[in-house]
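Subject: Structure for your files

Dear colleague,

Here is the structure I said I would pass on. My notes on it follow below.

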Amino acid sequence: MALTKVHNRMIKKSAINIVDFGAVGDGVTDDTVAIQAAHDALLDLSANELGILFIPAGKYKVNGQLNIDATVRVEGYGATLDFSGMSTTGTAIVFKNITTGSIFNLQIGGLSGLNIYGPGKANTSSVGIFMGGGGAGEVAHEKSFYDCTISEFGNGVEQDSNCYNIKFYNCHIYRNNINFQAGGGSDTNFAELIEFHGCLFAAAVTASIRSRANSMDLALFGGSMDYNDTGATAIDIAGDAIVSCFGVHFEDDVNNNFVENVDNTGNPIANFHGCTFTRAASASKEVLNGNRVHISVNGGWFRMGGGGTQVNWLSSTGAYRATVRDIIFVSTGSVTNWINRSTGTGFNYQDNQNRIEINKEMRLPNLSLTDGITAPSTVSGQAQIYVDTADGDLKIKFGDGTVKTIVVDT
């Protein structure tokens with residue numbers, strides 16, 4: 001006699017549908033218990049192997065925390081998880097290793113196709129997705145997130161200890177106080193190899209990406225950082241974090257910096273390769289703030305809409321390195337200082353001789369050579385080499401007024 005299964009959950013290692021456990025998805029019924037029960041049953045069936053939790057299209061009201069094992073993949077296919085009724089200080093999804101044992105070889109874990117939104121970005125203590133943890137076995141690594149939107153939380157995504165090698169693809173993380181928070185000073189073993197591919201960050205209150213990690217290496221490939229709230233920063237890094245951006249589009253208004261070290265601590269590094277920076281001119285805000293941040297810009301565009309003057313494109317304070325190469329400037333306005341070095345001592349290098357301005361006069365290079373003059377009263381750029389008419393010696397005068405003799409006329 002042939003047997004007919006009644007539910008998918010009767011088959012070991014199959015995907016489990018939350019509807020089989022009573023989830024309704026009408027946007028009104030609280031489906032928290034049903035979703036958690038489906039997940040927990042999946043762990044029992046799959047014995048920590050190939051676990052898929054299926055959430056069909058619908059709007060699921062979730063008023064409590066969901067605990068998702070880091071070995072489980074949650075497939076949403078456009079489903080919405082509505083956490084707007086959760087505690088304003090709570091966490092929507094805790095994503096970590098619930099079961100015992102190593103999960104290094106289990107690559108399936110993660111989320112895909114889910115719209116997740118919370119109680120509002122003004123509730124700064126709320127968290128959308130919390131990854132990792134401080135206890136033994138509370139790990140989340142080698143995981144991936146596809147086609148998800150995460151919005152209306154204090155921290156959209158927050159990483160804790162034992163969380164690394166995480167990849168996000170085509171995700172929209174927006175309208176959170178902080179869109180992505182990578183740990184704090186007390187966290188360990190986390191924020192290594194965090195990648196965002198074609199993701200959108202927007203409408204943050206404080207920062208789109210914020211790190212206080214001493215070992216974070218985070219990379220963005222394509223995607224965009226768009227219009228945050230007034231006073232917010234696209235990338236706020238401190239400690240010894242490294243952020244590298246490849247072909248990322250940065251767009252904001254005149255009230256914000258794209259990069260800065262708000263805490264003014266550590267020696268973070270920000271690298272930009274072939275990126276676009278676009279906004280209106282600003283007298284008070286830099287495009288990039290290099291205060292205690294080592295910044296390098298290699299290729300790309302700066303588009304400044306309308307006229308006006310951008311006073312400082314990049315500020316660099318003290319002993320921190322700033323390098324700008326091959327930037328194309330498209331605007332009807334002007335930039336007063338591409339790199340403005342404030343007071344401080346130590347190594348602070350600037351190189352922008354290869355910058356190109358479209359439909360504008362090329363600025364003076366950092367180094368110039370003049371024959372048969374007395375010492376110039378002012379120096380444009382870093383230094384000027386000249387032949388002194390008084391003694392015929394070849395000399396160099398630096399921006400700080402120092403004069404050095406290079407060759408003595410014999």
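Of the 410 residues of the protein, what percentage count as buried? The figure is 52%. Please keep in mind that this is a predicted model. Its secondary structure comes to one helix and 35 strands. Among contacts between residues at least 6 apart in sequence, 69% join residues at least 24 apart.

Core and strand pairing

The largest nonpolar core holds 83 residues, and those that touch the most other members are Phe250, Phe272, Phe277, Leu288 and Trp313. Helix H1 (residues 32-46) gives the most to this core, with six residues.

Strand S25 (residues 269-280) takes part in several pairings. With strand S22 (residues 242-246), S25 pairs in the parallel sense over five bridges, and Cys245 stands opposite Phe272 there. Strand S23 (residues 249-251) runs parallel to S25 and is joined to S25 by three bridges; His249 has Thr276 of S25 as its bridge partner. Strand S27 (residues 294-305) is also parallel to S25, with eleven bridges between them. In that pairing, Phe272 stands opposite Val297 of S27.

Aromatic residues

The count of aromatic pairs comes to 20. One of them is the pair of Phe168 and Phe196, which is stacked, at 4.8 Å centre to centre and with 15° between the planes. Phe168 belongs to strand S13 (residues 163-169) and Phe196 to strand S16 (residues 192-197), so this pair ties together parts that are 28 residues apart in sequence. Phe168 counts as buried because its relative accessibility is 1%, and Phe196 likewise counts as buried at 1%.

The pair of Phe272 and Phe277 is edge-to-face, because the ring centres are 5.5 Å apart and the planes stand at 70°. Phe272 is buried, at 0% relative accessibility. Phe277 is buried too, with a relative accessible area of 0%.

Phe272 and Phe277 also belong to one aromatic cluster, together with Phe250, Phe258, Phe302, Trp313, Phe329 and Trp338. Which residues does Phe277 contact, leaving aside its neighbours within four places in sequence? They are Phe250, Phe258, Phe272, Val287, Leu288, Val297, Trp301, Phe302, Arg303 and Trp313. Two residues from that list, Trp301 and Arg303, have an arrangement of their own: Arg303 lies over the face of Trp301, at 4.7 Å from the ring centre.

Two buried polar residues

Thr233 is found in strand S21 (residues 233-237). With a relative accessible area of 1%, Thr233 is buried. What does the side chain of Thr233 make a polar contact with? The partner is the side chain of Glu260, at 2.5 Å. Not counting residues up to four places away in sequence, Thr233 touches Thr206, Ala207, Ser208, Asn228, Asn257, Phe258, Val259, Glu260 and Val262.

Asn176 is in a loop, the one between strand S14 (172-174) and strand S15 (178-182). Is Asn176 buried or exposed? At 0% relative accessibility, Asn176 counts as buried, because the cut-off for that class is under 20%. A polar atom of the Asn176 side chain lies 2.8 Å from the backbone nitrogen of Phe153. Beyond residues up to four places away in sequence, Asn176 touches Lys121, Ile150, Ser151, Glu152, Phe153, Gly154, Gly156, Ala203, Ala204 and Val205.

A further strand residue

Ile339 has its place in strand S30 (residues 334-341). At 10% relative accessibility, Ile339 counts as buried. The C-alpha atoms of Ile339 and Val324 are separated by 8.2 Å, and the two residues are 15 apart along the chain.

If you open the model, I would start with Phe272. Phe272 is buried, is among the core residues that touch the most other members, and stands opposite Val297 in S27.

Best regards

How values were computed
Residues numbered from 1 in each chain as written. Predicted model: local features only at pLDDT ≥ 70, side-chain atom pairs only at ≥ 80, totals over all residues. Heavy atoms only, no water. Phe/Tyr/Trp six-rings, centres within 6.5 Å; stacked < 30°, edge-to-face > 60°. Helix = DSSP H or I, 4+ residues; strand = E, 2+ residues; numbered from the N terminus. Buried < 20%, exposed > 50% of the residue type's maximum accessible area, 1.4 Å probe, protein only. Lys NZ or Arg CZ within 6 Å of the ring centre and 35° of its normal. Polar contact = N/O pair within 3.5 Å; in protein donor to acceptor, adjacent residues only side chain to side chain. Contact = heavy atoms within 4.5 Å. Core = buried A, V, L, I, M, F, W, Y, C linked by side-chain atoms within 4.5 Å. Pairing = 2+ DSSP bridges.
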